[in-house]
Amino acid sequence: MEEQPKVGPTALGKLILFLFVLGLIAGAAYYFRDLIAPGGRDRGAQVNMDEFKKVEAPDTKGITTVSEYKYVPGEKLPPVKGVSAYKWDAKDKVVNFPINVWIGWLPIVAANGGFSPSADSIFAKKYGFKVNLKLIDDPVVARDAFAAGESHVLWGTLDMMVLFAPDLMKDSRSAPRVFQQVDWSSGGDGIIVRGAIGSVADLKGKTVVYAQNSPSQYFINNLLLNAGVQPSTVKHKFTATAFEAAAAFVADKSIDACVSWAPDIYNIPDKVKGTRVLTTTAEANKLIADVWAARADFAKDHPEVIKGLVAGIFDGMDRLADPTQREKAYQWMAEGYGMQADEVRAMAQDAHSTNFAENKGFFLNANDPANFERTWKNVTFVYRELGLIDTPVRFDEVMDFGALQELDRAGSFAHQKDESRASFAPTSYKKISAESPILTQTIRINFYPNSANVFEPQHDESGKIVPNTLYDPSVAATLEKVARLVGQYERAVVAVVGHTDSSMKGKGTRVEDVKLLSTDRAEAVKQALAKKYNFDPNKFTVEGKGWDEPANADDPTNQALNRRVEVSVYPPESK
Amino acid sequence: MTEAAPAGGPASQKAGPPASAHTGFLRIREELPAWKGWLLGLLPVLALLGLWVVVTTGAAEERVISPTILPSPAEVVASFPLLWFDRAVTRNLAVSFTRVVEGFALGVALSFPLGVLMGAFTKVKAAFTPLTVFGAYLPIPTLVPLTLSLFGTGELQKVMFLALAFSIYLVPLFVAAVDAVDDTYLKTAYTLGATRGQAVSRVLLPISWPDIWQAMRLGFGVGWSYILLAEMVDVGRGLGGIIITSQRRGPREHIYLVLVIIVVVAFLTDKLWAVVGRFLFPYREAKR
């Protein structure tokens with residue numbers, strides 16, 4: 001048989017053609033790589049640390065201690081539209097109130113006399129409805145039950161609410177309304193480190209593991225930002241829950257730090273050599289706020305139930321003052337969680353229940369350094385800077401102090417006094433600085449030459465004061481930034497250390513005078529903070545370093561950097 | 001005997017099913033043109049989509065299902081650019097896919113020798129059957145903390161977890177594949193003087209290849225349900241991370257989008273397995 005004359009390319013030719021086409025496709029894919037496989041939002045984006053200050057509109061009038069919001073919550077809260085979509089039996093009147101495993105819920109357990117709806121509960125007897133406490137530990141499940149109208153209430157920390165709110169508000173009926181703070185985490189959350197990490201600044205370049213989108217993430221990144229460490233310079237490893245983060249830290253020696261919960265944060269340093277607690281919410285005791293939110297449609301239809309819930313929880317706090325009642329509540333809680341009463345009792349130190357007076361401070365006092373507004377804005381700032389949220393929700397679209405104000409007018413809980421404020425004995429800088437600080441925040445206030453007045457006005461060419469001006473217009477915002485940190489670390493001691501530049505070094509200026517000036521400036525910062533935000537002056541110690549410690553040892557004449565005040569947070573002295 | 005034979009007698013019943021089996025809408029083992037098959041397959045999908053549209057139409061407050069639970073198809077589609085660009089879904093998909101492939105390769109490397117040995121040798125089978133039965137009833141998620149403490153939190157843990165999960169799934173299937181080889185083939189081989197090794201390598205294995213291939217195809221598909229478990233730890237990269245993040249932080253739309261993407265990818269890889277299988281074992285197709 002005769003061979004067919006070959007038509008078309010040879011085998012080699014086919015191969016070359018094939019490779020050529022393949023190359024073209026690969027080239028096109030490479031050219032359009034950002035379209036085909038974009039790298040995502042740059043997580044490692046540099047955070048503009050100065051943005052920290054801009055969260056708050058500067059206010060120069062300063063110096064008041066209590067200033068209550070004047071508006072009515074309804075003016076700012078988003079209106080509820082449509083037909084209410086929660087499940088409700090008008091005869092039985094049972095509020096579905098999911099909670100997680102957390103000692104902060106002890107007051108409501110005490111008020112309810114256990115987890116199941118009961119006619120003997122404070123809620124039933126005093127306020128005419130029943131409460132069904134359900135253990136829903138997974139926040140996502142709790143959120144879904146809330147969105148579906150299965151539960152009327154959503155448990156959470158304020159930082160979780162910041163993340164949940166935008167999506168929940170897509171339906172005005174399931175928009176969360178926060179009516180009450182239940183507790184501050186007070187030792188329940190913490191950071192454990194391995195090796196030679198002495199303060200937050202040492203975490204630079206290290207690996208940290210924590211549960212993403214949880215209070216842990218807020219905790220660590222807030223600290224990093226406050227310590228001037230770009231979060232992108234730290235290696236973040238994420239887990240789904242805090243338990244897994246603790247397990248990962250124990251299992252993987254290459255992880256330098258871990259953010260988790262009690263009891264793990266206390267057990268691990270006991271069991272794993274070379275690990276220690278860096279900081280916990282025992283010091284940062286006004287950082288993580290546990291609250292509950294109600295569905296907007298439910299709150300609108302049943303304001304009396306909301307008021308009863310708020311009041312009943314305060315009643316529960318009263319009830320817990322009695323030791324026998326407290327024991328009973330531990331027992332009920334243990335039953336509800338399927339734990340032993342001892343295990344529940346061991347959690348007692350994890351949280352500080354916030355009573356009526358403390359709630360008033362949190363919701364209503366615009367000058368409280370750790371109030372709802374500041375906490376919300378701080379969380380929003382941290383998450384936005386991390387690129388985690390786009391269009392943040394305003395605090396007053398979620399916060400509803402209506403029920404609190406009514407109880408205030410009725411005077412029902414006037415006997416509950418603020419117990420959250422730590423008291424401080426005077427101490428010296430030398431004494432507290434013997435240990436390394438948890439973190440140091442460097443701030444810059446532009447002082448007028450030779451002046452120690454933080455609110456120094458501008459001067460004209462002839463040196464005369466120009467009224468209603470400020471030499472450093474951003475001073476209020478700078479102080480706000482410090483106040484937030486100091487407020488979050490309510491129980492910690494704070495050193496305010498002033499530094500001057502060295503421009504007059506060797507020009508006849510006496511070292512003592514420079515030291516005195518830097519001390520005066522630090523003192524001025526302390527006074528301004530203590531006055532405006534009502535801090536205990538004994539919380540602060542003041543030190544002036546003069547020009548002895550340049551900001552950057554490699555560049556000692558960078559005078560702009562040298563003129564600074566450093567605010568260091570130290571663990572409280574042994575209680 | 002012809003079809004036209006009078007009905008009634010026992011002979012005609014033997015000849016073929018009653019006429020009702022050949023007429024009407026539903027006919028047993030009916031020949032169906034490909035396009036009709038596709039069309040029929042499309043109908044339930046469209047119906048489901050239609051239902052989705054119906055329950056998610058209107059303003060947020062007027063819908064049957066609130067957008068905070070189930071976003072509308074349009075909203076899901078509209079969130080696609082965000083998923084594609086900001087959340088880098090393709091890169092995360094590549095990460096997840098690589099993990100599945102690596103875990104699968106390792107899982108097969110573990111389970112294939114064991115499965116074949118168990119299928120071939122009764123004593124091996126007796127020794128390992130309790131373990132495989134135990135594995136079959138083991139809730140796979142409980143392996144996560146175990147692998148965590150053994151392999152740390154990095155890539156190794158994910159791949160090892162997947163490998164374990166794959167092995168547990170694949171071993172019984174491999175055993176069954178080798179088991180299914182008819183004794184006749186073995187007897188013939190022995191008659192021809194085959195040694196023990198030859199009986200395994202020239203008879204058992206070649207005959208069970210198509211079934212083994214089928215088992216791997218099924219197993220690979222199942223892997224996609226394990227990947228989300230594997231990515232619960234050291235979340236961040238991978239599709240599991242996107243789902244966990246979207247649950248906490250929104251948008252909800254991305255949860256559904258990622259699920260669709262997983263289904264599409266799993267479907268495509270399954271088709272690839274089928275095509276390669278047809279190429280490798282053409283006689284398999286003819287048998288049916």
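In this predicted model, helix α6(B) passes helix α8(B) in a left-handed crossing. Helix α6 of chain B spans residues 122-137 and helix α8 of chain B spans residues 155-179. Their axes come within 9 Å and cross at roughly 135°. Angles over 145 degrees would count as roughly antiparallel and those from 65 to 115 as roughly perpendicular, so α6(B) is oblique to α8(B).

| Helix | Residues in the contact |
|---|---|
| α6(B) | K125(B), T132(B), G135(B), A136(B) |
| α8(B) | I168(B), V171(B), V175(B), D179(B) |

Sorted by class, the contact of α6(B) with α8(B) has four nonpolar, two polar and two charged residues.

The second topic is the interface between the chains. Chain B contributes 32 residues to the contact and chain A contributes 40 residues. About 3,200 Å² is buried between chain B and chain A, and carbon and sulfur atoms give 51% of that area. On the chain B side, the residues that lose the most area to chain A are E61(B), R248(B) and R249(B). Together these residues account for 28% of what that side buries.

Two salt bridges are found across the interface of chain B and chain A. A salt bridge also links D144(A) with R252(B), where the closest N and O atoms are 2.8 Å apart.

How values were computed:
Residues numbered from 1 in each chain as written. Chains lettered and ligands numbered in written order. Predicted model: local features only at pLDDT ≥ 70, side-chain atom pairs only at ≥ 80, totals over all residues. Heavy atoms only, no water. Axes fitted to C-alpha atoms, helices over the stretch in contact; angles between N-to-C directions. Helix = DSSP H or I, 4+ residues; strand = E, 2+ residues; numbered from the N terminus. Parallel < 35°, antiparallel > 145°, perpendicular 65-115°, else oblique. Left-handed = near helix turned anticlockwise from the far one by under 90°. Contact = heavy atoms within 4.5 Å. Nonpolar A, V, L, I, M, F, W, Y, C, P; charged D, E, K, R; others polar. Buried area = accessible area lost by both parts, 1.4 Å probe. Salt bridge = Lys/Arg side-chain N within 4 Å of Asp/Glu carboxyl O.
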